[in-house]
Amino acid sequence: MSDRVFYSLITSFVFGVAFWSFFNLGLSFLALFFLISIVVALIDRKFVLISISLVLFSLGALRMDFAQDRNFILNNSLGKKAEITGIIIEEPSKRENSIQLIIKPENSDEKVLITTERADIFNYGDLISAQGVLKTPKNFITDNNREFDYINYLSKDEIFYSMLFPKIEVLDTGRGNFIKEKLFSIKRTLISKMNEIIPSPESEYLSGLIFGVKESLGKDLEGDFRRTGLIHVVVLSGYNVTIIADSILKSLSFLPIHTSLALGALSIVFFAIMTGASATIVRASVMALIVIMGRVFSRRYDITRSLFIAGFLMILHNPKILIFDPSFQLSFLATMGLIHFSPIVEGKLKFIPEKYQLRKLISATLATQFFILPLLLNKIGEISLIAPVSNILVLPFIPFTMFFGFITSILGLALNFLGFIPGFLSFILLNYQIRVVEMFSSIPFSSVGVKVFPIWLTFLIYAFYFYLYKRSKST
């Protein structure tokens, strides 16, 4: 299949999902549109590709319609004091002064988000009883005076209800998936060992680098990372996942090729589950798995096709992430910028030496930062003016930091003193990065807020980017 046909078909499906996210015209309309699509192909065989594209548009819309079709059983209890019994189906998310639990009530597909006092007594798989007032989530105003669509953001994960500080009783434990329970337990053990050997806040930062755990950074330090454009390294971005996937494959390279690839694929899947399987992690993990499949079948690896396949599979699984998950959108666009715009930027920076891959690093940083900028301004309304510089000063040290940090926790499982040397090296790197973040975030106007950045302007800028890309390819 040619590239043009491949991208056209996937784009048609995605457009169908996007259209139905805003304009649900009913199944009768979809049935009529589907019939028209078939008739187009019957009129003239020259229109077969158009017909298939229209069919895929219809299927995308139908997939979104199925995702929106819900029977809200708990609506009868809204606004009332209710007792909800259910299983904690995700790892508890710790905040500075509270903890959030996602439970799935018995005999229901709906989920409830519970916010309660911070405590270490709750774990994935616990069966709990919560007594409190059942509500629906509400949108809220951010620090940049933007309304965040919290309702749809939660709905992408089938969360339609919330409870604030209910009375909770743990009824039973070990009701979750056995594999997830063990993976979460391993992660808690490794993080605990990091915290024993490496002091705070460096240990919390390391937990974010390797496992995406950023809750214990504290509001001030987390804000510093946002202002310097480095929050992506703390929330386990695709960059971090790529480092980990590459390290896994290299560590297994001594085995027979098919054995190492099979174990590598399994390890990447387990790591994605362990770290919460967010949109960014899943996208990077799927791309890594496609690389492995390409090696198994000796196929040429096309990174752009892999990105589109990863995005398609994720949208097929959960179509709501296309419109309502900013992390998926930013991750996808950042990768597009890295693939297609980084080489163009690199060609303009020939005055920068190639030694230590400095030119490549700066080009990749600038390309990704500028490519996600329009969407950031539209979604968040804040731009870090010093992000390119801070990323250049920090990113080269991330792989080494993650390596020494992981070795620290592994060796520390046997005896703490075994992890002292890698722990000390990791601490030096972590401390340096935190100092860079704190120094740059204290610069006046390190980040600037934008009150209004309409969606039409966002699309206009990306159309201009596309024009620049096409022009560069034709010259």
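Because the model is predicted, local features are described where pLDDT is at least 70 and side-chain atom pairs count only at pLDDT 80 or more, while totals for chains, interfaces and linings use all residues. Residues are numbered from 1 along each chain as its sequence is written, and side-chain values use heavy atoms, with hydrogens and water left out.

In soluble globular proteins, nonpolar side chains tend to be buried together. A nonpolar core is a set of buried Ala, Val, Leu, Ile, Met, Phe, Trp, Tyr and Cys residues joined through side-chain atoms within 4.5 Å, where buried means under 20% relative accessible area, exposed means over 50%, and partly exposed lies in between (1.4 Å probe, protein chains only). The largest core here has 41 residues, and Y205, L209, F225, V233 and I398 are those with the most contacts inside it. Taking contact to mean heavy atoms within 4.5 Å, and leaving out residues up to four places away in sequence, Y205 touches L217, F225, V233, V234, V394, I398, L430, Q433 and I434. A second, separate core of 40 residues includes F13, I323, F332 and Y469.

Rings of Phe, Tyr and Trp (its six-membered ring) pair if their centres lie within 6.5 Å, and the planes count as stacked when under 30 degrees apart, edge-to-face when over 60, and tilted for the rest. By this rule the count comes to 29 aromatic pairs. One of them joins F19 and F57, whose ring centres are 5.8 Å apart and whose planes meet at 50°, so the pair is tilted. This pair links distant parts of the chain, since F19 is in helix α1 (residues 3-22) and F57 is in helix α3, 38 residues apart; helices (H or I, at least four residues) and strands (E, at least two) are DSSP runs, numbered from the N terminus. F19, at 29% relative accessibility, counts as partly exposed. The rings of F148 and Y150, with centres 6.3 Å apart and planes at 45°, also form a tilted pair; F148 is partly exposed at 24%, whereas Y150 is buried at 19%. Ring pairs also link F19, W20, F22, F23, F29, F33 and F57 into a cluster.

A charge can sit over a ring too, which here requires NZ of Lys or CZ of Arg within 6 Å of the ring centre and within 35 degrees of the ring normal. The charged end of K156 sits over the ring of Y153, 3.7 Å from its centre, and that of R305 sits over the ring of F6, 4.5 Å from its centre.

Helix α3 (residues 48-68) also holds S51, which is buried because its relative accessibility is 4%. Beyond its neighbours within four places in sequence, S51 is in contact with S37, I38, V40 and A41.

Turning to the backbone, most residues other than glycine have a negative phi, and most peptide bonds are trans. F165, in the loop between β8 (159-164) and β9 (167-172), has a positive phi near 50° and is partly exposed at 46%. F445 has a positive phi of about 60° and lies in the loop between α18 (420-441) and β11 (447-449), where its 68% relative accessibility makes F445 exposed. Finally, a cis peptide bond with omega of about 5° joins S200 and P201, and P201 is found in the loop between α5 (178-197) and α6 (202-211).
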